[in-house]
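Work through these exercises with the model open. Try each task before reading its solution.

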Amino acid sequence: MRKISAIAVNTFREAIRNKILYALLFFAVALIMASIVVARLSLHEEIRVIEDLGLAATSLFSVLIAVFVGVNLVYKELERKTVFFIIPKPIYRWEFLWGKLIGTSLTLAVLVGFMALVFFGVLMIMGGAVRVVLLKAIWLYYVEVLVISTVALFFSSFSSPFLSGLFTILVFVVGRLTPDIEMFIPRMGDEWLKTFTQAVMYCIPDLNLFNVSGALVAGEWVSIHGEFVTWLYVGKATAYGLIYGGIVMFLAMVVFRRRDFV
Amino acid sequence: MISVTPAQKSEKEGSENIINVNNLHKTFVTGFLPYGRVSRVLWKTWPRGAKVLSNRVEAVKGLSFSVRRGEIFGLLGPNGAGKTTTLKIMMGLIFQDKGEIQLFGHKPGSLQAKKRTGFLPENPYFYDYLRAEEFLSLVAALTGIPRRERKKRIHEMLKRVGLEEAVDRPLRKYSKGMLQRIGLAQALLCDPLLVVLDEPLSGLDPVGRKEIRDIIRGLKKEGKTVLFSSHILSDVEMLCDRVAIMSKGSLRHIGSLDELLKDDSGTMEMVLNGKKEVLDELLEKWEGSGERIGEKARFITESAEEKDRLLKKALEKGLSLESLAPRRSSLEEIFMSKTGTIDEKRSGESQSKKKDEKEE
Ligand SMILES: Nc1ncnc2c1ncn2[C@@H]1O[C@H](COP(=O)(O)OP(=O)(O)O)[C@@H](O)[C@H]1O
Ligand SMILES: [Mg+2]
């Protein structure tokens, strides 16, 4: 555990010393601030608009950061040959992988937390309140980016950063569109296509579960605007995310176990 | 110096051979099918298709050798001989196709083997955003050095490799020589019984090379086993107890340096100094080989008798002896013949290069 945490701390340190991350964070904050302007334009709906935009900005940039950090994680170590220092040390290869993931989760926690604080600040300045449901929404976004980082980590454990990034973003987009695609499947003509799409959807996480700013999820209406997001729902979605992430990590470990570091 | 931990002291290693390499094979696959296992199956089932889709490089072909406890062992060979590949398999970074390696009787990559081994990769890169101290703390944590000992050990180690002043500088601002030294520091930090170094002396200036050589000699004095690779002969000459000469993935020669040089042990190189005319006269008369170098003359004598005769003559004529040394370039020649690169021009070149290195 000490070894995993050493790698995690190093991963965290690397991430927060990366300038690109600050650029992304800057844009996120700018977008959240910009919600004030947009809110002014909407009559009587200021708070609602700020809540929606703030959450959307937080989510979007968290995902971008997760993809960026996630795909660079392992690849950079390979490219800069720093694995040549780490792997010969008395650690297991899977410890390295988990260290990387935990370091990323830590980084994302700090960043998502920071964006949430800015968002809540803006909200309060505009006369809104930080309702519990908003905290639930932010938490679910955090679980979502954890899932995304495991996916990024998985791809980057055997593929280039560009391809990994592309695949991860694809998984994110398809994952978010899960209900729409599933609705579309019965209307597909070709049986093979149907089966294929179903199989793909089976592998891709249903990320829509984590996006609670007004959506029909599994026949249940969840929205931050009513208090419909129950604790049970949050718990179930979290469990789903952790189990999915765990399975992806297991696959990454299998890929990693016998790979050559050249 | 660093104290040996009780665990390491009480350890029973059993055999005298620290490393056993047995019939090792490794083929790299590149091209469209970089994934070893997939392409290996393809090469077996459909070689013609596989040829189009991928390329194979046989980096190591049936290599066997052993390294004994307490010796400095040199793995010598020209670029592309397969040295790095062999060491990477040893460190559990890549996997062999056939054959096996044992470190302390354990598989490469096992914690048992890794615990006792320190490794310096070739051309080391680092986490350039870290400071020396941060990097070594990471290494300390990974090698399981207790927290309370870490600071002390790190500082001892930085002192030992001569980096005390650069502790606070980020590694990205380090020179090549400093990187090599921090690389050595991370390999030695956990006080390993076996130290494996890939080209530890290449790319350094003469002073840096000497410092690293001294550290390696110090390791032997502490009773550690050192295996290092090099394509530079003089390093091996100055440091190693035994060498293995590799070329094109296989072993060409293995043995102690004395064994290797036995045939040529009588060859000496004598440099004389004195009046120009007298030197010229002697050069003309001397039946063996000799040449003018500036104000001096260098003679090669093939036997002890010849050496004595020349020396006597020189002293009679009032010349003074500048230096007398065994002519060690024979290792170079052996190397060339073993690696199958006998080429007059090249061997001449590398001899003069070797001289440069010797002049440090
Ligand atoms: N990752 C790799 N992919 C393909 N070929 C490689 C790879 N690594 C090494 N080789 C080839 O294997 C051979 C041995 O390389 P190496 O072990 O690095 O030699 P050395 O360290 O003795 O210079 C060379 O021909 C090299 O081109
Ligand atoms: Mg090499």
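**Exercise 1.** Find the largest nonpolar core and the residues with the most contacts inside it.

*Solution.* A nonpolar core is a set of buried Ala, Val, Leu, Ile, Met, Phe, Trp, Tyr and Cys residues joined through side-chain atoms within 4.5 Å. Buried means under 20% relative accessible area, exposed over 50%, partly exposed in between (1.4 Å probe, protein chains only). The largest core has 159 residues. Ile65(A), Ile19(B), Met90(B), Phe135(B), Tyr174(B), Ile182(B) and Leu227(B) have the most contacts inside it. Helix 6 (residues 132-156) of chain A gives the most to this core: 17 residues. Apart from it lies another core, of 13 residues, including Trp286(B) and Phe299(B).

The model is predicted: local features need pLDDT of at least 70, side-chain atom pairs pLDDT 80 or more, while totals for chains, interfaces and linings use all residues. Residues are numbered from 1 along each chain as written, chains are lettered from A and ligands numbered from 1 in the order written, and side-chain values use heavy atoms, without hydrogens and water.

**Exercise 2.** Which residues of helix 13 of chain B are buried, and how are they arranged?

*Solution.* Helices (H or I, at least four residues) and strands (E, at least two) are DSSP runs, numbered from the N terminus. Step one: list the buried residues, Glu306(B), Lys307(B), Leu310(B), Leu311(B) and Ala314(B). Step two: look down the axis. The buried residues fall within an arc of 130° (directions from the helix axis to the C-beta atoms), so they line one face of helix 13. Step three: turn to the face away from the buried side. Lys312(B), Leu315(B) and Glu316(B) are exposed there.
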